[in-house]
Amino acid sequence: MTFTLPDLPFAYDALVPHMSAETFEFHHDKHHNAYVTNGNKAFEGLPHMGDTLEAVVMNAAKENNMPLFNNAAQHWNHSFFWNCLAPNGGGTSLPGNIQSKIDEDLGGYDEFRAKFVEACMTQFGSGWGWLAMDNNSGKLEIVKTGNAGVPFTDGKTPILTCDVWEHAYYIDYRNARPKYVETFVDSMINWEFVESLVEKGPMKIAA
Ligand code: MN3
């Protein structure tokens, strides 16, 4: 398979004032593109690693092929992250299924917000904050991963993510990760995308 850079699902300036066009020009066109380019190089000669991006990430993790894992997982994470963002996103008015799941599994929206922000804040260094669904219990959990880590290598289906690498927020928020994460939750989350993932349920990866 060949990794390809997806287009952003919105215009570069669609999230102004919360996230600038300049951030997307660097984050998508430079950072994400580099993971795609380097992922293709790392995948060369290794077709047995799989023919879907998810399978490649799983197999690279199993075989501890870090150059392939890091680039393929970062390609997956960023492709997913773009879909988690929406103009006029965020807010406390959630679609029905995700609202019910958050109430049942996490104790309500306020608990979700506090725990998600805390996970993003306490991820030391580069990484990701996640809302994920445990594939066995079907319950939502808040998790964090370092560097390129992704919950699906650990039996959890990603439902929502916030990129907390400094390149995600330094242009717009400088070092203020808390302000960035709170603005992500309050004004940028694509809850319709999240809802579609809750409806789909646990992901199945043919490795
Ligand atoms: Mn990033």
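Predicted model: local features only at pLDDT ≥ 70, side-chain atom pairs only at ≥ 80, totals over all residues.
Helix α1 covers residues 21-43, and its axis sits 8 Å from that of α3, at an angle of about 145°. On the α1 side the contact includes Phe24, His27, His28 and Tyr35, and these and their neighbours meet a set from α3 with Leu68, His75, His78, Phe81 and Trp82 among them. Sort the contact by class and you get ten nonpolar residues, ten polar ones and no charged ones.

Two of the names in that contact, His27 and His78, turn up again at the manganese ion. Both give their NE2 atoms as donors, alongside Asp163 (OD) and His167 (NE2), with the protein donors lying 1.9 to 2.1 Å from the metal. Along the chain the spacing reads H-x50-H-x84-D-x3-H. His78 belongs to helix α3 (residues 66-84) and His167 to helix α6 (residues 166-173), so this pair links parts of the chain 89 residues apart. His78 and His167 are both buried.

Now follow α3 along to Phe81. The model has 18 aromatic pairs, and one of them is Phe81 with Phe184, which is stacked, at 6.2 Å centre to centre and with 25° between the planes. Because Phe81 lies in helix α3 and Phe184 in helix α7 (residues 177-188), the pair ties together parts that are 103 residues apart in sequence. Both of these phenylalanines, Phe81 and Phe184, are buried.

Technical notes
Residues numbered from 1 in each chain as written. Heavy atoms only, no water. Donors = N, O, S within 2.8 Å, 3.2 Å for Na, K, Ca; no water. Helix = DSSP H or I, 4+ residues; strand = E, 2+ residues; numbered from the N terminus. Buried < 20%, exposed > 50% of the residue type's maximum accessible area, 1.4 Å probe, protein only. Axes fitted to C-alpha atoms, helices over the stretch in contact; angles between N-to-C directions. Contact = heavy atoms within 4.5 Å. Nonpolar A, V, L, I, M, F, W, Y, C, P; charged D, E, K, R; others polar. Phe/Tyr/Trp six-rings, centres within 6.5 Å; stacked < 30°, edge-to-face > 60°.
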